[in-house]
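Here is a friendly walk through one protein model, meant to be read with the structure open beside you.

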Amino acid sequence: MKRIAQIACIGWMVLAASLGASAAERRMVTEKIEWTYTDRPEVPNAALPNVLLIGDSITRAYYKATAEELAGKANCYFFATSVSVGDERLAGQLAEYFKMIGVRFDVVHFNNGMHGWGYTEEEYRRYFPELVTAVRHGAPEAQLVWATTTPVRKDKVDGATNARIDTRNTIAGEQVAKQRIAIDDQHQLMLAHQDLHSDDVHFTAEGNAIQGKQVAASVIKLLPAKK
């Protein structure tokens with residue numbers, strides 16, 4: 001445990017140093033409506049491993065279906081935010097969440113790519129490592145799964161477009177692959193279910209159930225063996 005704590009501390013110090021070095025050139029892009037949302041099992045089973053889903057409103061939508069799929073196998077928590085890669089507040093939000101929840105997580109399934117369209121893809125590439133470092137710092141013993149960002153039904157001129165989503169997924173995929181982080185390809189999954197959009201971005205309850213089933217399957221592969 002001491003060794004893990006030391007590694008996490010060093011990682012956080014490196015992150016802080018990189019933030020300080022780039023503070024003068026770093027932009028802040030905010031949205032008109034910003035939010036965070038979290039949920040947890042009402043009565044966690046201490047005998048089961050703990051799983052955390054990190055993401056945005058897409059994650060919030062498939063959280064229930066995922067928790068149902070993991071029932072009896074793991075306690076399922078989630079943290080969602082509109083703050084994106086590129087925003088220096090993201091790492092702080094995650095740190096605050098981990099401190100508040102006080103849970104040792106065995107698996108963290110995470111995504112961040114559907115917000116922050118005011119940031120360029122180069123900024124997404126530059127700051128994506130901060131997200132991974134923040135997750136590792138908050139859950140140093142957890143196995144990680146990166147979820148690709150889902151497609152949109154209709155491109156938005158000043159927001160999400162499928163071309164930009166593809167680019168962000170490529171950037172993230174290259175970085176997590178180098179760290180041997182597992183990938184849950186939610187993008188490819190939902191390309192086959194574009195008819196299940198409830199609006200240009202989100203999916204219907206049927207779509208959420210399909211997503212939740214695959215999320216759970218990706219998590220189950222990484223759960224610790226029963227003693």
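The side chain of Asn111 makes a polar contact with the side chain of Thr149, at 3.0 Å. The Asn111 side chain also reaches the backbone oxygen of Ala147, here at 2.7 Å. Please keep in mind that this is a predicted model. You will find Asn111 in the loop between β4 and α4. Is Asn111 buried or exposed? With a relative accessibility of 7%, Asn111 counts as buried, because the cut-off for buried is under 20%. Leaving out residues up to four places away in sequence, Asn111 touches Ile54, Gly55 and Asp56, and also Trp146, Ala147, Thr148 and Thr149.

**From Asn111 to Trp146**

Trp146 deserves a visit of its own. This residue is found in strand β5, which covers residues 143-147. Trp146 has 1% relative accessibility and so counts as buried. Which residues does Trp146 contact, leaving aside neighbours within four places in sequence? Among them are Phe110, Asn111, Asn112, Tyr124, Phe128 and Leu131, along with Ala172, Val176 and Ile181. Val132 is 14 residues from Trp146 in sequence, and their C-alpha atoms are 9.5 Å apart.

**Aromatic pairs**

| Pair | Centre to centre | Angle between planes | Arrangement |
|---|---|---|---|
| Phe110 and Trp146 | 5.2 Å | 70° | edge-to-face |
| Phe128 and Trp146 | 5.1 Å | 85° | edge-to-face |

Phe110 is buried, its relative accessible area being 0%. Phe128, in turn, lies in helix α4 (residues 121-138), so its pairing with Trp146 in strand β5 ties together parts that are 18 residues apart in sequence. Phe128 counts as buried too, at 0% relative accessibility.

Elsewhere, ring pairs link Tyr77, Phe79, Tyr97, Phe98 and Phe105 into a cluster. The charged end of Arg168 sits over the ring of Trp117, 3.9 Å from its centre, while Arg26 lies over the face of Tyr127, 3.8 Å from the ring centre.

**The sheet**

Let us step back to the strands. In what order do the six strands of the open sheet lie? The order is β1-β3-β2-β4-β5-β6, and the pairing is mixed. Why is one side of β1 and of β6 left without a neighbour in the sheet? β1 (36-39) and β6 (182-184) stand at the edges and each has a single partner strand, so one side of each is left open in this way. From one strand to the next, the twist averages 20°.

Strands of a sheet pair through backbone hydrogen bonds, in either a parallel or an antiparallel way. Here β1 and strand β3 (residues 75-81) run antiparallel and are joined by four bridges. Within this pairing, Thr36 stands opposite Thr81 in β3. Helix α2 (residues 57-69) packs on the sheet, where it touches β1, β2 (50-55), β3 and β4 (107-110). The direction of helix α2 makes about 175° with that of β3.

How values were computed:
Residues are numbered from 1 along each chain as its sequence is written. This is a predicted model: local features need pLDDT of at least 70, side-chain atom pairs count only at pLDDT 80 or more; totals for chains, interfaces and linings use all residues. Side-chain values use heavy atoms; hydrogens and water are left out. Two strands pair if DSSP finds at least two bridges between them. Helices (H or I, at least four residues) and strands (E, at least two) are DSSP runs, numbered from the N terminus. Axes are lines fitted to C-alpha atoms, for helices over the stretch in contact, and angles run from 0 to 180 degrees between N-to-C directions. Contact means heavy atoms within 4.5 Å. Buried means under 20% relative accessible area, exposed over 50%, partly exposed in between (1.4 Å probe, protein chains only). Rings of Phe, Tyr and Trp (its six-membered ring) pair if their centres lie within 6.5 Å; planes under 30 degrees apart count as stacked, over 60 as edge-to-face and the rest as tilted. A charge sits over a ring if NZ of Lys or CZ of Arg is within 6 Å of the ring centre and within 35 degrees of the ring normal. A polar contact is a pair of N or O atoms within 3.5 Å; within protein, one must be able to donate a hydrogen and the other to accept it, and residues adjacent in sequence count only if both atoms are side-chain atoms.
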